[in-house]
Structures are given as structure tokens and as C-alpha cells.
Amino acid sequence: MTERSIDQIVSPVPTSDGAGVKIKRAIGTPTLDHLDPFLLLDLFGSEDGADYIAGFPDHPHRGFETVTYMLEGKMRHRDNAGNEGLLGSGGAQWMTAGRGLVHSEMPEQTDGLMKGFQLWVNLPASQKMIAPRYQDINPEEIPVKELDGIGTLKVIAGELFGVIGPVSEIATKPLFIDLDLKPDQEIDIPIAQGKTAFMFIFEGTIHVDGETVETDRLVILEDGDQVSVKAGLNGGRFILLAANPINEPIARYGPFVMNTQEEIYQAFDDFRAGKF
Ligand code: FE
């Protein structure tokens with residue numbers, strides 16, 4: 001096995017999005033524009049309603065996929081085609097925006113902890129204009145495996161240790177796991193060679209490749225077959241994403257991610273003309 005070493009450890013940048021929701025952005029910043037095929041990674045997390053109550057009112061997307069993983073809290077989504085759903089603690093949504101939709105994502109609570117991730121995953125040119133598709137995953141649909149004495153594994157997409165996640169038929173063949181390791185426990189996680197992979201540590205600390213990684217850090221991994229992770233003395237919990245790079249040109253403007261500038265202009269025209 002070839003061990004995946006650390007390429008880079010990134011501290012997320014505090015910013016705000018939507019109508020003023022406070023977030024920490026780890027991918028999609030001036031220093032880390034993208035990590036093919038990942039276009040954006042935000043962590044939202046606050047116990048103060050003022051930090052998130054404004055939510056994400058109506059906005060468009062075209063050309064990629066948005067993935068929401070709720071750790072705590074409730075968020076309701078509605079789109080202009082009449083789709084609606086409530087995302088609760090431990091649930092996930094994989095939305096393939098394709099040729100476009102306009103939606104809102106609004107908190108269904110005014111105080112208390114709201115915490116989770118939003119990830120954007122690119123689509124290859126051949127799928128940028130497909131019909132929008134939702135995969136709304138209730139918390140109980142996400143398989144949980146207790147790793148004896150080591151920790152708790154949830155698989156949202158892909159397969160690990162024989163556990164298969166509910167999200168299916170995604171262009172970049174992603175693995176998406178949430179792994180909560182007990183104090184001082186170690187594990188080797190196989191990740192197929194050639195996939196772009198990162199971890200985001202959101203509780204405790206972990207040790208990887210001789211480095212100690214603190215809470216709220218993104219770890220970008222080099223290529224290889226597996227990553228060996230050891231939790232710190234208070235345990236460590238992280239998400240790990242791995243997916244096939246797309247290797248195509250990226251033209252990006254806000255909520256539109258296409259291959260060329262012309263396609264971005266077209267997205268604006270179509271959006272203004274109400275064609276989403
Ligand atoms: Fe959105």
C-alpha cells in the first residue's frame with residue numbers, strides 16, 4: 001500500500017454568505033480556489049441564531065452539485081420546480097443542479113446549535129446541463145458501523161469497510177464518510193489511487209503523516225492507496241471526501257460553474273430570462 005501523505009493543511013477563512021450567515025470557508029477562497037473536482041467547502045456552526053437566521057434566500061445554481069451535511073439543526077429547502085424538503089440533524093442532501101434551478105435554504109429554528117457542511121462538487125461538461133436531481137437522505141438512511149473499540153463510521157456516499165452509502169450515480173464517484181475516532185485509536189482508510197482526497201477535522205485532533213491536526217482544519221492528501229489516521233487524546237472526528245478529478249477548464253462566477261466564459265454569460269441570460 002502507498003501511504004497518502006499530507007499535501008497541505010488549510011485553516012478556513014471566516015466569511016459570510018447567503019443573507020449574512022456566518023461561515024468558515026476552506027475551499028473556494030483566494031488561496032485555495034478549488035481542489036478538482038471540489039469547488040467549495042463551507043462549515044457553518046453557531047449556537048447564536050443571529051449568525052444563521054437570515055439563511056440563504058432564493059439563489060440559482062448551474063453546472064455542479066451542492067452537498068449539505070447537517071450535523072445539528074434543521075434547514076428547509078424549496079426550489080422553483082416545487083421541490084421541498086426538511087434537512088434534519090445527521091441528514092444529508094446531494095443536489096445535482098445540472099442546467100439550473102433557483103432555491104432557498106432557510107433555517108427552521110431561531111436559536112440553538114446549527115452546524116454542518118456545504119460542499120460543491122463539479123460536473124463534467126457532459127453533465128453540466130442535465131436535469132436537476134435531488135437525493136435527500138434522512139439520518140436513519142445513513143448506515144452506521146461501530147468499529148470495535150476504534151470509533152463510529154457513517155458512509156454517506158461510496159463504500160468503505162463493506163458499508164455502502166445511500167448517495168448513488170454521481171459523476172465523480174465520490175467517497176464521503178464521517179468518522180468519529182475514540183481517543184488514541186488508529187485506523188488505515190483505503191482511498192482509491194487517483195482520487196482527490198481531503199479530510200476536515202471538526203472535533204478533537206488527529207495525527208496524520210507525522211503532523212498533529214487541530215479542530216477546524218482541512219487536510220489535503222497526496223495521492224496513494226490509503227491514509228493512516230490516529231486520534232488525539234480527546235478523540236477526533238472528521239469528514240473525508242475522495243472523488244475523481246474532472247481535469248476540464250473551469251469558468252466560475254458565483255453560483256454558476258461552467259467550462260467557458262461564454263457558458264457563464266449564457267447562464268446569466270438564461271437566469272434573467274427565467275429559464276432555470
Ligand atoms: Fe444553494
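I started with Lys173, which lies in the loop between strand 16 and strand 17. The model is a predicted one. I checked the backbone of Lys173 and found a positive phi of about 50°, although the residue is not a glycine.

I then looked at Glu169. This residue is also found in the loop between strand 16 (163-164) and strand 17 (175-181). Is Glu169 buried or exposed? Its relative accessibility is 70%, so I logged Glu169 as exposed.

**Peptide bonds**

I found one joining Asp36 and Pro37, with omega at about 10°. Pro37 sits in the loop between strand 3 (21-27) and strand 4 (38-46).

**Salt bridges**

How many salt bridges does the model hold? I have 14 in the count. I followed the ones around Arg76.

Arg76 pairs with Glu84, and their closest N and O atoms are 3.0 Å apart. Arg76 also meets Glu108 in a salt bridge, at 2.7 Å from N to O. I checked where these two partners sit. Arg76 is in strand 7 (residues 75-79), while Glu108 is in the loop between strand 10 (101-107) and strand 11 (114-122). The pair therefore ties together parts that are 32 residues apart in sequence.

Glu84 has a further partner, Arg78, with 3.5 Å from N to O. Which residues end up in one network? Shared partners join Arg76, Arg78, Glu84 and Glu108.

Glu84 is at 41%, so I put it down as partly exposed. Glu108, at 37%, is partly exposed. Arg78 is partly exposed too, at 43%.

Asp7 has its place in strand 1 (residues 6-10). Its relative accessible area is 42%, which means that Asp7 is partly exposed. Patch members need over 30% relative accessible area and no salt bridge, so the 42% of Asp7 clears that cut-off.

Note on methods
Residues are numbered from 1 along each chain as its sequence is written. This is a predicted model: local features need pLDDT of at least 70, side-chain atom pairs count only at pLDDT 80 or more; totals for chains, interfaces and linings use all residues. Side-chain values use heavy atoms; hydrogens and water are left out. Helices (H or I, at least four residues) and strands (E, at least two) are DSSP runs, numbered from the N terminus. Buried means under 20% relative accessible area, exposed over 50%, partly exposed in between (1.4 Å probe, protein chains only). A salt bridge is a side-chain nitrogen of Lys or Arg within 4 Å of a carboxyl oxygen of Asp or Glu.
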